[in-house]
Structure formats: C-alpha cells, structure tokens
Amino acid sequence: MDNINPLGKCLSEVRALSRGDKAEGERRGKQLSKQMLTEILALSEADRRALRSTLTRDEVGFLFGIAFSCAQDCVRGWSATDLTDGLLALIIEDKQEDFRRTLMHLCLLNHTAVKLGSDLQMVYEQLRVHAFPEMASFLDNWFHEGTKDIGMMGYAEGFSKDGRYTYTRAR
C-alpha cells in the first residue's frame, strides 16, 4: 500500500468538518465516506489486508459510525440506498474490535432494511465478494441464524431533540 490510508485520510477530513456548519459537515462527510469506501474496494486484496491489519480504534469506530449513520439516514430519507455503504463499512471493519459491536450494527442495518421493505441479505450477496473468508462466514451465519432484534442488542427506535428519526440506546 502506498503509505496512503484512505480511511485515516477520510477520518481526518471528517473531523475537520465537525468544526464548521453541522448540516454542510454531514453532507460533505457522507460524500467523503462514500469516496473512501470506493477507494478501499479498489485496493488489491493484499493492500486491503494490510489496511485491515493496521486499523486503529478510531478508524474502527469511524466505520461503525458510518454503519450507524447509514441505518438512520435510510429511514430518514425513506430510501434503502445507503444500506450498501453501511454494510461495506462493516465488511471493511472485519470484526477488528469486538464482534458484538459488528452484530449490533448488523441488527440496526437489518431493522432499517425490514422497515423499508428491503432485504439486507440480498444487499450482502452483492457485496460478499469484498469480504475476507472469515468475515463472509461470520455474515453468512448471522443471516442464517443470528438474532435480528435491535432490542436484544440494546437499541430502540426514537427521535432526536430536533425530531429526526434515530436509534437510541435502550434504557
């Protein structure tokens, strides 16, 4: 890999955006995240493995944040389009931290898909080629027999103070 980490670069740019206009920062952050996911998928398998092996906690958290935002944004815009990006973020994260966090975000994405009348497993089947074998097996098993209940993962549907749909931690 050419010493350029698309994930780290994107994270730095998104952090800089957080100091400006919130709505513009969210819009631009979403664009940067989509671009970063595309850049990572364009890497060779060896370079993706190298990137995976060097992910920092902040970068893993950023990928989880992308999945979480995609789950919410799909409901807010009543469009399943961003499910792909959310699932790609989890595929790239590849259970680097705690696999339970991966499961939690899978549940949120799946709940959103069901809410919108979409099928997350169909989205996954198109993206499966990008998953390393262990992650593909993990996801295959989850789609076959894993829990899909967001309540069991500690989440509930709700609304933010400004009235926007969100997933909230269940109390």
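Does V129 count as buried or exposed, and at what relative accessibility? At 65% relative accessibility, V129 counts as exposed, where exposed means over 50% relative accessible area, buried under 20% and partly exposed in between (1.4 Å probe, protein chains only). V129 is found in the loop between helix 7 (120-127) and helix 8 (133-145); helices (H or I, at least four residues) and strands (E, at least two) are DSSP runs, numbered from the N terminus. The C-alpha atoms of V129 and R19 are separated by 37 Å.

The model is predicted: local features need pLDDT of at least 70, side-chain atom pairs count only at pLDDT 80 or more, and totals for chains, interfaces and linings use all residues. Residues are numbered from 1 along each chain as its sequence is written, and side-chain values use heavy atoms, with hydrogens and water left out.

The protein chain contains 8 helices and 2 strands, in the order α-α-α-α-α-α-α-α-β-β. Its overall values are as follows.

| Property of the protein chain | Value |
|---|---|
| Box of C-alpha atoms along the principal axes | roughly 45 × 45 × 25 Å |
| Buried residues | 42% of the 171 residues |

Contacts (heavy atoms within 4.5 Å) also describe the fold: among those between residues at least 6 apart in sequence, 67% join residues at least 24 apart.
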